[in-house]
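Below is a short report on one protein chain.

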Amino acid sequence: MGFYLVGIDYQSANLTKREKIDAMRCQISACWREFSTEAALLSTCNRFELYGITSGLVKFPPIEAGWYFIEGKVAVFAHALRVAVGLQSQLKGELQILEQINSWYNKIPLVLAGLWHQAYSDAMIIRRESGLNGQDNLATLILDDMKKKLVWPNELKIAIIGTGKIAGLLAKHRPLNARLVFAAHKNKLAADSLAKLANGKSVFLKELPEVLAEADFLVSATASPHFILKAEALKEIAARRKKSLYIYDLAIPRDIEPSAGGIEGIILKNLDDLCFVFKEHNDRIKNKLSLAEYLVEEKVKEYERNLKNGCPAQPVILKAG
């Protein structure tokens, strides 16, 4: 039985290539699943990884530039453990990846689920011992970046497209001087709920131009396969404004047409553009990360010893958070 992993992430490929892969995920998965007895796709905003098991010797497809390939049960486990600890994330140590993994590995094939169950369990122990269980997340870092752009106690007028995880975190962690407006196309009830949580307002997406006439910031994080806002629409909005509009496009594929970044009065940042925000956070917790790296190595050695001795470890069930 052979374990393998083929993947692409923010470290190996830029945003444009990751968007193309996202659009082709079904075809790519089908290609690799043909010779796999088990296969499971882990897909997040910055990661596309297909984990698989083969029954014998297999000639794998050619690996293109930007992709990484890992073979062997211990090596695959080591990578899975790093992912679960948050060491492979753009925002190191993030807790959101745990939530994604927890809901994912309970639905995947049996043998792969066993490997991931062990990785998740060990990751929880490593996070606890290294202190990687803080509250920093993408939303809190974005809010901190916003506050640097306006003089306190000026009100932060923030428009948000989407009703998913990022929108929920923005509603939960908003500063006292923030006024949030949630815009939704179909899921207006979810936008209403978020607005209530944030003591803000909800609107239909078609009302967004009026909201953006006054907003300081726009955050967009949807699962749309198409642009939510095109450059021409933002050009018209910018012409009506007296100050710049800061836009954080956190979606993959992107929600905002990239050429909008060239419009006067529009400051557009995507996930790759925000590397400085991630670096500041990662530098602050470098001691915790170093300890986590060491603990991962020790857990991988233990996992390898157990495999050689024919004594698989018994996972300890712990809850995230």
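## A buried loop residue

D216 sits in the loop between α9 (208-212) and β8 (217-220). Helices (H or I, at least four residues) and strands (E, at least two) are DSSP runs, numbered from the N terminus. The model is predicted: local features need pLDDT of at least 70, side-chain atom pairs count only at pLDDT 80 or more, and totals for chains, interfaces and linings use all residues. Residues are numbered from 1 along each chain as its sequence is written, and side-chain values use heavy atoms, with hydrogens and water left out.

D216 is buried, at a relative accessible area of 3%. Buried means under 20% relative accessible area, exposed over 50%, and partly exposed in between (1.4 Å probe, protein chains only). Not counting residues up to four places away in sequence, D216 touches L150, E155, L156, K157, R241, K243, S244, L245 and Y246. A contact means heavy atoms within 4.5 Å.

Helix α1 (residues 15-23) buries L15, R18, E19 and I21. These cover an arc of only 160° around the axis, so they lie on the same side of α1. The arc is that of the directions from the helix axis to the C-beta atoms. K20 and A23 are exposed on the other side of α1. Cover for the buried residues of α1 includes β1 (2-9), α2 (25-33), β3 (47-54) and β10 (266-270).

Helix α6 (residues 138-149) has 12 residues. From first C-alpha to last, α6 reaches 17 Å, close to the 16 Å expected at 1.5 Å a residue. That expected span is 1.5 Å times one less than the number of residues. Buried in α6 are L138, A139, T140, L141, I142, L143, D145 and M146. Their cover includes β5 (156-161), α7 (165-173), β8, β9 (245-249) and α11 (275-284).

## The whole chain

The protein chain holds 12 helices and 10 strands. Buried residues make up 50% of its 321 residues. Along its principal axes the C-alpha trace spans about 70 × 40 × 35 Å. Among contacts between residues at least 6 apart in sequence, 69% join residues at least 24 apart.
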